[in-house]
Amino acid sequence: MSRFTVTETGIQDLRVIERRRLGDERGFLSRLFCAEELASAGWAQPIVQINHTWTQARGTVRGMHFQHPPHAEMKLVTCLRGRVWDVGLDLRAGSPTFLHWRAVELSADNGRALLIPQGFAHGFQALTDDCELLYLHSASYAAQAEGGLSATDPTLGIEWPLPIALQSARDLRHPAVTSEFTGLDLHS
């Protein structure tokens with residue numbers, strides 16, 4: 001019996017992973033990752049980096065971040081404390097869902113994770129104070145490959161559930177999508 005339930009989002013390869021918790025009066029055990037079981041959900045690479053973030057204030061937005069090929073990465077994002085509105089944005093060149101996004105609420109209580117494939121931007125909004133996220137990455141961070149788009153770009157139309165209270169100076173400098181942006185070519 002699998003410890004995971006995989007739900008499609010309507011965008012190819014972007015999936016919600018729900019973890020089955022085994023619990024009793026002491027608490028629970030939840031498997032965070034299993035390469036064998038998550039292969040069918042699209043995770044086909046080793047985990048090469050694990051990151052932990054803390055976001056202090058409700059309404060804070062981080063994103064929309066990605067890495068350019070050949071450093072494109074998959075991410076499995078989990079909320080360890082608080083609640084977040086987690087967003088995956090399709091940037092794959094030629095994709096029928098290019099520039100489409102989906103969001104899911106991740107929380108310490110619901111046991112969900114968002115599996116974000118290569119060629120996607122990622123961002124989130126903290127729905128509570130004191131949010132902690134755990135990220136599993138298939139590629140190491142490469143500063144020279146870093147990319148980002150404006151989280152408030154009207155072309156993207158991301159519907160943040162709360163007024164944006166805070167963004168980093170770096171995130172505020174991310175550009176809006178222009179007609180010259182044709183997406184990330186993952187095959188070059």
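The structure holds twelve salt bridges, each being a side-chain nitrogen of Lys or Arg within 4 Å of a carboxyl oxygen of Asp or Glu. This is a predicted model, in which local features need pLDDT of at least 70 and side-chain atom pairs count only at pLDDT 80 or more, while totals for chains, interfaces and linings use all residues. Residues are numbered from 1 along each chain as its sequence is written, and side-chain values use heavy atoms, with hydrogens and water left out.

One network of salt bridges links E8, D13, R15, D90 and R92; within it, E8 and R15 meet at 3.0 Å, N to O, and R15 counts as buried at 14% relative accessibility (buried is under 20% relative accessible area, exposed over 50%, partly exposed in between, with a 1.4 Å probe and protein chains only).

A further salt bridge joins R170 and E146 at 2.9 Å, N to O. Because R170 lies in helix α2 and E146 in strand β13, this pair ties together parts that are 24 residues apart in sequence (helices, H or I of at least four residues, and strands, E of at least two, are DSSP runs numbered from the N terminus). R170 is partly exposed, at 35%, and E146 is likewise partly exposed, at 32%.

In the loop between β13 (146-148) and α2 (169-172) sits D153, which is buried yet has no salt bridge, the nearest side chain of opposite charge, R102, being 16 Å away (Lys and Arg count as positive, Asp and Glu as negative; His and the chain ends are not counted). The side chain of D153 does reach the backbone nitrogen of T155, at 2.8 Å.

Terms used:
Polar contact = N/O pair within 3.5 Å; in protein donor to acceptor, adjacent residues only side chain to side chain.
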